[in-house]
Amino acid sequence: MKHSHQSTHPTNIKPIRGNGLAISFQTPPHIKEFQSRIEENSNLTSSITTKLPTKRSPSFILCNIPISTKEAEIQEALETQLNLSSPLNLRFKFKGNSTETTNWVFEASAPTLNTIHQVKKIQMGWSMYRISEFFHFKKCNFCQAFGHTTKDCHRQIPSCSKCADHHLSSDCHSPSFCCINCLVSNIFSGSEYPTFHSAKDRSCPFFQAAIDRTSCIKRLLIMCVQ
């Protein structure tokens, strides 16, 4: 299929199950234009169907909850403090900053997420726990790089998320911050990113780039060959 406009060219194409292709574009309007061109070609419409991926609801994370805490306790606190009418769907949970804590990830509607942005903390018992939006991307807690998880990391020496030194983040006692990702980029790529923040800081250019990549679903088209 030929395109008359360079701007509508796909930015990425990868095969998927069911004899299909997942095609990425720069913007949603480019998807519509691409779909229109397929629909205008009778030879293509007889053998190709297109659809947009299912939109996933936002997620939020409740951080470092004691492992002894039951889901019912969390749901009660969320319903009361976020003014919810029913329990939220638990997506998954994983280890917190210590072996004694767990991070809980829930599905939320856009209005609920807006409330979470305002409250920022949830009280349970006598303690306050951080609550924030959760982004579905991979980040390694060993080397701090994005794109893979700790269990898939091939590095032999850790990098601290706080000070960028070569020790585990849990062992850090440094009073200052330095982002290992920005630091390495500045040294080896000649960039000039600010480094006085942790690798987990959401204002970090690398963190923001990972968030941007998660929004690519808005620019994705599923094409199935019949």
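A: The sulfur of Cys160 has its closest cysteine sulfur in Cys172, at 3.7 Å, which is too far for a bond. A disulfide here is a pair of cysteine sulfur atoms within 2.5 Å. This is a predicted model, where local features need pLDDT of at least 70, side-chain atom pairs count only at pLDDT 80 or more, and totals for chains, interfaces and linings use all residues. Residues are numbered from 1 along each chain as its sequence is written, and side-chain values use heavy atoms, with hydrogens and water left out.

Q: Is Cys163 buried or exposed?

A: Buried means under 20% relative accessible area, exposed over 50%, and partly exposed in between (1.4 Å probe, protein chains only). Cys163 is buried at 16%, and Cys160 is buried at 0%.

Q: How much space lies in the largest pocket?

A: Rolling a probe the size of a water molecule over the atoms shows where empty space is left. On a 1 Å grid over the protein atoms alone, a pocket is an open set of points where a 1.4 Å probe fits, with protein on both sides within 12 Å along at least five of seven lines. The largest pocket holds about 1,400 Å³.

Q: Which residues lie nearest its centre?

A: Phe94, Asn97, Asn103, Asn141 and Lys200 do, out of 35 lining residues, meaning those with an atom within 4 Å of a point.

Technical notes: Points joined across faces, edges and corners; volume = space filled by probe spheres on them.
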